[in-house]
Amino acid sequence: MSLLQFCKTERQKAVISRVEKGMSQRAIAKDLGLTKSTIVGHVDAVKSNAVKQGYSPEHDYLHPVPDGFVLKGISTLYNDEGKPVSQWVKSQTDKERQLEMLVERMEQSLDAVPPFKPTKPPKKSDDRLLSLLTITDFHVGSACWEAETGDNFDTKIAAEIFLNAMHDMLAACPNSKTGMLNILGDFIHFDGINLQPVTSGGGHILDADTRYTKIVDVAMSIVREAVKMMLARFERVVVVVAEGNHDISSSVWLRKYIKHLFEGSRVEVIDNPFPYYAYLHGNCMLGFHHGHKMKLANLHKLFASEPRFREMWGQASAGVYIHMGHYHHERVIEDGGAIAEMHPSLTGRSSYEARGGWMSQRGAKVITYDKLEGEVHRTTIRPRM
């Protein structure tokens, strides 16, 4: 057993390999051109990673748990001479590491996806305009029964409504150079934990229409078709696939799929693990968050104070527009130099909503922004079969 297997960076491997050869920390620092305190920091970090997985020889921890798990507890039985004779190791799932492993596997598998063949852009468009097409809380894979909820909704209906909505929104767009597909979270109804229809966080049972594998096929196909429709309409296409509370990991693979499929074409995917997203269009800043982590009234504070967005905020003389979903209804707040907007959903009314007495009008927004003037046009479309 070696500490090398618990290193997470090449620098850590370089340090630990020298430690295990018997080199002093002072010699390692000189050899690598680092300070002794830096070497100590790397050693401590690796030992900390090892302990989390159950490996620490000085404490008689010699049976590490597999990658993707963390140590929950160890019980050791010692003999009269103080030597360990039996040991019981308890572990639990390391959710953060398992998500990292999932992303790594998806990245590797998507390398084999054949890229989309580039198409010619439209001949004429207005460089100053960006049209934002927002679809939020669509819940592909949910099941709604009209007799109970007032709406019928299943995977087949979802595919028809989504593609019809894309057609209607594109028809309503001005002649914009840039089109932005804003999938604002909870596009997929559940994450398929053990392939079961339950929420990612609380494990609540959901009304589901079909198997998770079929939901994956439908989601990939309709989003792929939507991007192709947008490429025929706009010179540039930008895609946001935001994390939602129902599709924390599913939003990752959907985002990665679109990124790899359209790599080298006129498509840009905003791909980051941070559940807040931003884009600068001229002097107009657009911000996005599903709404499961922060309330609408506080979003402007996050986008103004977050270090990675500050420069963008400072350039947004034409306005800051923040978009959110999560609650399936509409609301607009203007505060702190930004307009924060909550979007409606096209999905059917669930049994949870119906039994709780919650009601909202179904719809989706297409909003057009001018680089210098901010919002200049908007249209609301309604679901149709």
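## Helix α6

The expected span of a helix is 1.5 Å times one less than its number of residues. In this predicted model, helix α6 runs over residues 155-172 and has 18 residues. The distance from its first C-alpha to its last is 26 Å, close to the 26 Å expected. At the N-terminal end, α6 is capped by Asp154, which places a side-chain oxygen 3.2 Å from the backbone nitrogen of Lys156.

Buried residues of α6 include Ile157, Ile161, Phe162, Met166, Met169 and Leu170. Among the elements that cover the buried residues of α6 are β5 (126-135), β6 (176-183) and α7 (212-233), together with β14 (364-370) and β15 (374-381).

In soluble globular proteins, nonpolar side chains tend to be buried together. Here the largest nonpolar core has 50 residues, and Leu133, Phe138, Phe187, Val227 and Val239 have the most contacts inside it. Elements that each supply at least two residues of this core include β5, α6, β6 and α7. Helix α7 gives the largest share, eleven residues.

Leaving aside neighbours within four places in sequence, Leu133 is in contact with residues that include Met166, Met169 and Leu170, which are buried residues of α6. Met180, Leu181, Met230 and Val366 are also among the contacts of Leu133. A second, separate core has 18 residues, including Ala278, Met312, Ala340 and Met342.

## Gly179 in strand β6

Gly179 is found in strand β6. This glycine counts as buried because its relative accessibility is 0%. Not counting residues up to four places away in sequence, Gly179 touches Ser131, Met230, Phe234, Arg236, Val237 and Val238.

Technical notes. Residues numbered from 1 in each chain as written. Predicted model: local features only at pLDDT ≥ 70, side-chain atom pairs only at ≥ 80, totals over all residues. Heavy atoms only, no water. Helix = DSSP H or I, 4+ residues; strand = E, 2+ residues; numbered from the N terminus. Buried < 20%, exposed > 50% of the residue type's maximum accessible area, 1.4 Å probe, protein only. Contact = heavy atoms within 4.5 Å. Polar contact = N/O pair within 3.5 Å; in protein donor to acceptor, adjacent residues only side chain to side chain. Core = buried A, V, L, I, M, F, W, Y, C linked by side-chain atoms within 4.5 Å.
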